[in-house]
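Here is a short briefing to read beside the sequence and the 3D view. Take it one topic at a time.

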Amino acid sequence: MKVTADRSRCMAAGHCAISAPDVFDHGEDGLVVVLDTEPGEERRREVELAEDLCPSRAIAILRTAAVAGPPDAGTPDTPDTASAG
Amino acid sequence: MNAPTTTANEDLFAYPQDRACPWQPSPGYQDLGRQGPLHRVRLWDGRWIWMVTGHSQARRLLADPRMSADRSRDDFPAVLPRLDAPIFKPIAIIGFDPPVHDVHRRLLAPDFSLKQVRAMRPRVEDLARRLVADMLQAGPPVDLVEAYALPIPSMVISELLGVPYDDHEFFEAKTVGLLQAKSAEDAERAGRELWDYLDGLITRKEREPGGAGVLSRLAGEVDEDGDLTREDLLRIALALLIGGHDTTSQMIALGVVTLLEHPGQLAALRADPDVLPAAVDELLRLVSITDVSGVRVATEDIEIDGEVIRAGEGVLVSSSMTNRDPGVFPRPYEFDVHRTRGGNAASGRQHLTFGFGIHQCLGQNLARMELEVAFSVLFEGIPGLRLGVPLEALPSRSGGTMQGVHTLPVEW
Ligand code: HEM
Ligand code: SF4
């Protein structure tokens, strides 16, 4: 799976680094840093937890890496993001 | 707001209502929660707002950029009389929308990051052990709020900000005065005293640059034409000082009460220290110390679950009820430290005690660390701890936002 984190949305809540410590960390500025942009499937549960908990919708799992489309093509399909703008 | 004082509103559910049990929402909120996710409730001034008790609706609304947190707007609801005080209107970070919100929040992000919090932990452990030793020496009965629950977050936030802890009695009393005020006038008076105090403190930091703490660092970054004016800094100092100790201290106090009243859960926690992070999040969920995850006003019409929240209407998200949405938390009224068994350290974080969206609590990692330390050091140091008065006799705060107890007599 492919993982992205939008630093311009990150509010440094830190859930991602707790949920999936091998995939996410934080920089000196407190904001998210992706350590592994293509984690293995065995990390899926952790990464989905990070995506779900991220309060500012900064984390996205690109479901199908093969379908390269507009930036929002891979936006997660959780209902919370629908209105998060 | 679109809802003027009318007699029609008199039939609506009256907000707020007092808790009957320190860790459970008022029986009235529980009834409301059973009726659906969105409700119209009547406020003290006769106006009405939406009260959200459904978890997914709450997350959607709190993450929606059409919801404003700007307390200076005329249509922003004052959910309690004290919130009508001018001092609350432009409260830093929490009461601003982007872009100002994001700029100020990012200024502070490094100081509240996980790494920073982990680095502070050993000092907080030393502090907690010292306080336990003092209690043991003084002997029972002890007021746990004064002797333990308040000094931990209070010392931590003063050290982090660079506010002299010697002034703690003053800033603690004024914070409680501000947060528990029954009228806007009382809140304003307490708030102004804190403001003047911080003004003096920041002036000293400007004269002697290079001191320790966030406020000294930020004092060096003030730029009247830039992102941080001196008034911004004062507002940030006020928000952090207020936000940093009352919430956490009352969470320690009610957390201890909840654990003592659930001996099986306390034993489970003692038997397996690895449960501690999950137990802290379960306590945060259950106790929902602020009772509210956030208040907002809609800036456009927003359709949600068949209802329309009109532009100008206020919304209050109930943390105590969204944290009991049975679709997310099975057996929602039960305290279960093993609720997320099989998950990792973050699986217990679905609750909305720290809010959601861009305003989700800046101090949450700090608060979690303080709570972990406070519970583990206390029950290790005083294994025979018990309440000094019957549960019903605890002097509890009234309904509204900040829940808690005025004092917590304990023995051992
Ligand atoms: C158990 C302890 C705590 C609880 C339950 C709590 C709860 C909350 C909640 C519900 C919000 C969101 C309000 C909204 O969306 O309108 C919030 C925001 C905030 N909290 Fe906490 N808090 C706690 C501890 C702390 C601590 C220790 C600090 C440190 C100074 C702090 C500072 C803040 C700040 C600055 C915000 C505004 C964040 C923003 O608007 O981006 N809180 N808190
Ligand atoms: S969970 Fe979201 S907001 Fe929090 S640090 Fe990670 S990316 Fe940033």
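## Chain A as a whole

In chain A, 50% of the contacts with a separation of 6 or more are between residues 24 or more positions apart. Contact here means heavy atoms within 4.5 Å. The model is predicted: local features need pLDDT of at least 70, side-chain atom pairs count only at pLDDT 80 or more, and totals for chains, interfaces and linings use all residues. Residues are numbered from 1 along each chain as its sequence is written, chains are lettered from A and ligands numbered from 1 in the order in which they are written, and side-chain values use heavy atoms, with hydrogens and water left out.

- Chain A has three helices and four strands. Both are DSSP runs numbered from the N terminus: helices are H or I with at least four residues, strands are E with at least two.
- Along the sequence, the pattern of chain A reads β-α-β-β-α-β-α.
- Chain A has 85 residues, and 47% of them are buried. Buried means under 20% relative accessible area, exposed means over 50%, and partly exposed is in between (1.4 Å probe, protein chains only).
- The accessible surface of chain A is about 4000 Å², and carbon and sulfur atoms hold 53% of it. Such areas come from the Shrake-Rupley method with a 1.4 Å probe; for residues, only the protein chains shown count as cover.

## Ala20 in chain A

- Ala20(A) lies in the loop between helix H1 (15–19) and strand S2 (24–26) of chain A.
- Ala20(A) counts as buried because its relative accessibility is 0%.
- Setting aside residues up to four places away in sequence, Ala20(A) touches Glu46(A) and Val47(A).

## Ligand 2

- Around ligand 2 there are 13 residues, and Cys10(A), Ala13(A), Cys16(A), His26(A) and Cys54(A) come nearest. A residue is near a molecule or strand if one of its heavy atoms lies within 4 Å of it.
- The shell around ligand 2 has nine nonpolar, four polar and no charged residues. Nonpolar covers Ala, Val, Leu, Ile, Met, Phe, Trp, Tyr, Cys and Pro; charged covers Asp, Glu, Lys and Arg; the others, Gly among them, are polar.

## Helix H6 of chain B

- Helix H6 (residues 151–161) of chain B is mostly covered, with nine of its 11 residues buried.
- Among the buried residues of H6(B) are Pro151(B), Ile152(B), Pro153(B) and Leu161(B).
- The buried residues of H6(B) pack against several helices of chain B, including H4 (114–138), H7 (168–179) and H10 (230–260).
- Gly162(B) follows H6(B), and its phi is positive, near 85°.

## Backbone details in chain B

- Two cis peptide bonds can be looked up here. One runs from Tyr15(B) to Pro16(B), with omega near -5°. Another joins Pro140(B) and Pro141(B), with omega about -5°.
- Pro16(B) is in the loop between strand S1 (13–14) and helix H1 (27–34) of chain B. Pro141(B) is in the loop between H4 and strand S5 (142–143) of chain B.
- Ile93(B) is not a glycine, yet its phi is positive, near 60°. Ile93(B) lies in the loop between strand S4 (67–68) and helix H3 (100–108) of chain B. With 10% relative accessibility, Ile93(B) counts as buried.
- Ser288(B) is also a residue other than glycine with a positive phi, near 40°. Ser288(B) lies in the loop between helix H12 (276–287) and strand S6 (292–298) of chain B. With 0% relative accessibility, Ser288(B) counts as buried.

- Ser68(B) lies in strand S4 of chain B. Ser68(B) is buried, as its relative accessible area is 1%.
- Leaving aside neighbours within four places in sequence, Ser68(B) contacts several residues, among them Arg73(B), Phe76(B), Asp97(B) and Val295(B).
- The C-alpha atoms of Ser68(B) and Thr175(B) are 25 Å apart, and the two residues are 107 residues apart along the chain.
- Arg204(B) is found in helix H8 (residues 184–207) of chain B. Arg204(B) is partly exposed, because its relative accessible area is 42%.
- Between the C-alpha atoms of Arg204(B) and Ala219(B) the separation is 10.0 Å, and the two are 15 residues apart along the chain.
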